[in-house]
Amino acid sequence: MRMATWNIGTMSRRSGEVVEVMSRRGVDVCCVQETRWKGGSARWMGMHGSMYKFFWQGCEDENTGVGMLVAEKWVDQVVSVTRVNERVMVMKLVVCRRLFNIISVYAPQVGRSTEDKEEFWDKLYELVNGIPTGEAVVLGGDMNGHVGQHATGYEGVHGGMGFGTRNAEGETILEFGDAMGMVVCNMFFRKADNHLVTFKSERSRSQIDYVMVSSVDRDMVKNVKVVAGEECVSQQRLVIADLLVRGGRKVRKKFVPKLKVWELKKGTVKEKFSECIRNRAGVTDGAEGANERWEAMKKEWLEVTEQVCGGTKGPARHKERWWWNDEAARVVEEKQACFKA
């Protein structure tokens, strides 16, 4: 499965180009930020053979907004979409019989008020903390913080292969990962600096877009790369993570015994069954109404069948075709002979 995150600047007059990039890069799910659309809804985008469904949540001033692009083949696996606010949304998606919580986030920029930042992190902590154990968590977004090149103090969260110098916002990201048992996947793959930078302008280069997963699922992330050079978004770069998702364990079905009705083919068993039924004649005399009579009769017949024929004691090693007999064999043989003729 290929997941991505991308700050697209705006979805207006750019949606076709963005979807084309998703299709060309083989992205299955992409967390997008700064959509700059109002309200919250979903719509199809793209052309036949490369369709994506876009789920989004915006705000009235059209300054922020988050969303997710989901490839057509995965849309039927979407269980739910929760739009927390214009900076956080989560989608539950079934992948290989396992439930994934894919979270798209857009953290407040450096310079925004402390209240805005605290509100964002409080919502994110509450959301992730409420996800049941056993469900996978994959977070992608523009987190507007520099976690830095080195893992100092956060060796379990940071892989030591980052870019730049850590700042206060980056410290907050690492604290979040440490508290929630998550890792910053970008930091675990050695890349050239140009393939670590997610934002590049004439004056600066920085790494502010990340993919995070639960630490127990870190091994399923096989690669994280930054794609430079997509013309439709000049400064922000696409971040792609390749996930190897293995099928979940099959739940063993509880064995339910079955009555061995095929034993009635045997003459002695059939006679015994008939005798027991005759001995129980009249059990429906006290019943009132057709339904009560039917229930009483059914109960007696099931008890007699269990007593005479018995029940299975475990799953059948081989399926027994109790309906097969000499007559069925003769008819099949005649059919095969006609076919050959």
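In the predicted model, one cavity of 30 Å³ or more was counted, a cavity being a set of points on a 1 Å grid over the protein atoms alone where a 1.4 Å probe fits but cannot get out. The largest cavity has a volume of about 30 Å³, taken as the space filled by probe spheres set on the points, which are joined across faces, edges and corners. Its lining (residues with an atom within 4 Å of a point) consists of Asn186, Lys191, His195, Leu196, Gln207, Val224, Lys225 and Val226. Residues are numbered from 1 along each chain as its sequence is written. Local features need pLDDT of at least 70, side-chain atom pairs count only at pLDDT 80 or more, totals for chains, interfaces and linings use all residues, and side-chain values use heavy atoms, with hydrogens and water left out.

E9 and strand E13 (residues 209-214) are antiparallel, with five bridges, and Leu139 lies opposite Met212 in E13.

Tyr154 is located in the loop between strand E9 (136-142) and helix H4 (168-180), helices being DSSP runs of H or I with at least four residues. Beyond neighbours within four places in sequence, Tyr154 contacts (heavy atoms within 4.5 Å) Arg166, Glu171, Leu174, Glu175 and Asp178.

Terms used:
On a 1 Å grid over the protein atoms alone, a cavity is a set of points where a 1.4 Å probe fits but cannot get out, and a pocket is an open set with protein on both sides within 12 Å along at least five of seven lines; lining residues have an atom within 4 Å of a point. Helices (H or I, at least four residues) and strands (E, at least two) are DSSP runs, numbered from the N terminus. Two strands pair if DSSP finds at least two bridges between them.
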